[in-house]
Amino acid sequence: MARKKDSNQEKRFSLTRWIPEWLNIKWVIVIGVFIVMIFFSQNSYIKILEYQKTTDELRAEIKKHNDTAQMYREKAHSLATDRETLERIAREQYGMKKEKEDVFITDIP
């Protein structure tokens, strides 16, 4: 009977030999769950960093689009208020002309 008890103690000792005495199995489980939550869960720290990077990229894209929209608003305002700008664009881009005026269009850049 004494041998059986000794062999069980040896098995238990060999399984927990890598764990220090002050660290019991409860702490190993808690630390293991914590590591899984940080690195491998759906809301892991790594995924949070990826989401943060994505949101930063999207914010930069939104800023770029807002700047472009502001530029077009300024152009529209300029066209609505400045008659000379409107005439210049009509002549250059659409080949329009005033009455009694000849326009020559060439392919020379």
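**Close-up views of a predicted model**

**View 1. Thr 85 and its contacts.** Leaving aside neighbours within four places in sequence, Thr 85 is in contact (heavy atoms within 4.5 Å) with Ser 78 and Leu 79. This is a predicted model, in which local features need pLDDT of at least 70 and side-chain atom pairs count only at pLDDT 80 or more, while totals for chains, interfaces and linings use all residues. Residues are numbered from 1 along each chain as its sequence is written, and side-chain values use heavy atoms, with hydrogens and water left out. Thr 85 lies in helix α4 (helices are DSSP runs of H or I of at least four residues, numbered from the N terminus). Thr 85 counts as buried, because its relative accessibility is 15% (buried means under 20% relative accessible area, with a 1.4 Å probe and protein chains only).

View 2. Helix α4 comprises 12 residues, 83–94. At 1.5 Å a residue it should span 16 Å (the expected span is 1.5 Å times one less than the number of residues), and its end C-alpha atoms, 16 Å apart, agree with this. Just after α4, Gly 95 takes a positive phi of about 65°.

**View 3. The surroundings of Ser 44.** Ser 44 is placed in the loop between α2 and α3 (45–81). Its relative accessible area is 2%, so Ser 44 is buried. Not counting residues up to four places away in sequence, Ser 44 touches Met 37, Ile 38 and Phe 39.

**View 4. Helix α2.** Helix α2 covers residues 25–39. Trp 27 is found in this helix.

Definitions and conventions
Helix = DSSP H or I, 4+ residues; strand = E, 2+ residues; numbered from the N terminus. Buried < 20%, exposed > 50% of the residue type's maximum accessible area, 1.4 Å probe, protein only.
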